[in-house]
Amino acid sequence: MSGKTLTRMDLSESVFREVGLSRNESAELVESVLDNISDALVSGENVKISSFGTFSIRDKTERIGRNPKTGEEVPIRPRRVLTFRPSHLMKDRVASGNKS
């Protein structure tokens, strides 16, 4: 694994090169899109990006867990978790090694 991570700055730079907006406008656009996605998820909405995937929030109920080291049972509090389900196109693209 290469260890390379795609950052907000990388996304802004791509928008700058591909769309032709200024660097500041590109950064603002990326921030705006990410803020809109975050706001929708916080309010409990699903976010579906065509040909990419779906982000959704799941509410998990309280349950009993076990400490693997000691075997002691401990309660796990209810919580909300973020899930991502990639589209079939994304799965196929990743599986083929991005050769398309």
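## Setting of Ser87

Ser87 sits in the loop between β5 (79–86) and α3 (88–95); helices (H or I, at least four residues) and strands (E, at least two) are DSSP runs, numbered from the N terminus. The model is predicted: local features need pLDDT of at least 70 and side-chain atom pairs count only at pLDDT 80 or more, while totals for chains, interfaces and linings use all residues. Residues are numbered from 1 along each chain as its sequence is written, and side-chain values use heavy atoms, with hydrogens and water left out.

With a relative accessible area of 18%, Ser87 is buried (buried is under 20%, exposed over 50%, partly exposed in between; 1.4 Å probe, protein chains only). A polar atom of the Ser87 side chain lies 3.1 Å from the backbone nitrogen of Met90. Neighbours within four places in sequence aside, Ser87 is in contact (heavy atoms within 4.5 Å) with Ser51, Phe52 and Gly53.

## Salt bridges

The count of salt bridges is 6, each a side-chain nitrogen of Lys or Arg within 4 Å of a carboxyl oxygen of Asp or Glu. One of them joins Lys4 and Asp10 at 3.5 Å, N to O. Lys4 is exposed at 64% relative accessible area, whereas Asp10 is partly exposed at 25%.

Another pairs Glu73 with Arg66, with the closest N and O atoms 3.3 Å apart. Arg66 is exposed, at 55%.

## Pair within α1

Arg17 and Glu13 lie 4 residues apart in helix α1 (residues 8–19), about one turn of the helix. Their salt bridge has its closest N and O atoms 3.9 Å apart. Arg17 is exposed at 54%, and Glu13 is partly exposed at 25%. Salt bridges with shared partners join Glu13, Arg17 and Arg23 into one network.

Terms used:
A polar contact is a pair of N or O atoms within 3.5 Å; within protein, one must be able to donate a hydrogen and the other to accept it, and residues adjacent in sequence count only if both atoms are side-chain atoms.
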